[in-house]
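Biologist: Hi! Could you walk me through this model before I start on my figures?
Modeller: Happy to, let's open it.

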Amino acid sequence: MDLKFEASWKTALGSTFEQPYFKQLVEHVAVAYNSNDVWPRERDVFKAFDHCPINKIKVVILGQDPYPTPGHAHGLCFSVPESVKPLAKSLKNIFKEIQSDLKIETPEHGNLERWATQGVFLLNTVLTVNAYSPNSHKKFGWETFTEKVIETISEQQDGVVFLLWGAQAQQKAKLIDSSKHHILTAPHPSPLSAYRGFFGCKHFSKTNELLALQNKTPINW
């Protein structure tokens, strides 16, 4: 597996890459890529890191498992390549809330790289999955790694807005220093839970208000 991390992350995570669990994780993932149809493609596994150096992070959005439908996952949580139609239902609900909150038009596609390059770190807690098999890589060790990533952001940065949608994401709040960061929570945007409080949460306008208070450029959602 290609481990060419963006330079700031390589420095920030330091000895993480030498930890026994991480080496074992890499071995598990390499075997999976050699024997299964795994998504995202290997070159995109760390795309969230490539697009968003740690010192540029303004916002963190946590996802869970990559989309298991071939061609949908490309390394950024909730995001899909521009060619994917129709949009995943959770992403469609995210766009509905943005439209309601900010009174802006729904984007023509679901590629969220435009957010990532503005400082929105789009992190899944598990970074790979077998096609058509949700949670198939859940026990590989990815969550140990991504929890370390969250802790590192919390320790090394200030004033980051963490958007924790759903119970799984909200479990990660314990890793975040709430005295120096902002944590906004809501139900998951999935059709199963969006009507329980994701719709109407106004996280996108609230995020921009929090950024403006810190003299940071708001996100063009």
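Biologist: How many residues of β5 are buried?
Modeller: Five of its five residues are buried, so to speak: β5 is mostly covered. Buried here stands for under 20% relative accessible area, with exposed over 50% and partly exposed in between, using a 1.4 Å probe and protein chains only. Strands are DSSP runs of E with at least two residues, helices are runs of H or I with at least four, and both are numbered from the N terminus.

Biologist: Before we go on, what sort of model is this?
Modeller: This is a predicted model: local features need pLDDT of at least 70, side-chain atom pairs count only at pLDDT 80 or more, and totals for chains, interfaces and linings use all residues. Residues are numbered from 1 along each chain as its sequence is written, and side-chain values use heavy atoms, leaving out hydrogens and water.

Biologist: Thanks. Which way do the side chains of β5 point?
Modeller: V161, L163 and W165 point one way, F162 and L164 the other way, and all are buried. In a regular strand, side chains alternate between the two faces of the sheet.

Biologist: And what sheet does β5 sit in?
Modeller: An open sheet of four strands in the order β3-β2-β5-β6, with parallel pairing. Two strands pair if DSSP finds at least two bridges between them.

Biologist: Which strands are at the edges?
Modeller: β3 (120-124) and β6 (182-186). Each has a single partner strand, so one side of each is left without a neighbour in the sheet. From one strand to the next, the twist averages 20°.

Biologist: How many bridges hold the pairs together?
Modeller: Five bridges join β2 to β3, three join β2 to β5, and five join β5 to β6. For landmarks, I61 has L122 in β3 as its bridge partner, V59 has V161 in β5, and F162 has I183 in β6.

Biologist: Nice. Which strands does α6 touch?
Modeller: Helix α6 (residues 142-156) packs on the sheet and touches β2, β3 and β5 (161-165). Its direction makes about 155° with that of β3. Contact means heavy atoms within 4.5 Å, and angles run from 0 to 180 degrees between N-to-C directions, with axes fitted as lines to C-alpha atoms, for helices over the stretch in contact.

Biologist: Changing topic: what do the buried residues of α8 pack against?
Modeller: They pack against β2, α4, α5, β5 and β6. The buried residues of α8 are H203, F204, S205, T207, N208, L210 and L211.

Biologist: Tell me about T207. What does it contact?
Modeller: Leaving aside neighbours within four places in sequence, T207 is in contact with V59, V161, L163, L184 and W221. T207 is in helix α8 (residues 203-213) and counts as buried because its relative accessibility is 0%.

Biologist: And how do α4 and α8 cross?
Modeller: Helix α4 (residues 89-102) and α8 pack at an angle of about 60°, with their axes 8 Å apart. They are therefore oblique to each other: angles under 35 degrees count as roughly parallel, over 145 as roughly antiparallel, 65 to 115 as roughly perpendicular and the rest as oblique.

Biologist: Which residues meet there?
Modeller: I94, E97, I98, D101 and L102 in α4 meet H203, F204 and S205 in α8.

Biologist: Now I57. Where is it found?
Modeller: I57 is in the loop between α3 (47-51) and β2 (59-63). With a relative accessible area of 4%, I57 is buried. I57 touches W9, C52, G119, F121, I153 and V160, not counting residues up to four places away in sequence. I57 and F121 are 64 residues apart in sequence and 6.3 Å apart in space, C-alpha to C-alpha.

Biologist: Last one: how many residues are in the largest nonpolar core?
Modeller: The largest nonpolar core has 72 residues, and W9, F49, I61, W115, F121, F145 and I153 have the most contacts inside it. Helix α2 (residues 20-35) gives the most to this core, with six residues. A nonpolar core is a set of buried Ala, Val, Leu, Ile, Met, Phe, Trp, Tyr and Cys residues joined through side-chain atoms within 4.5 Å.
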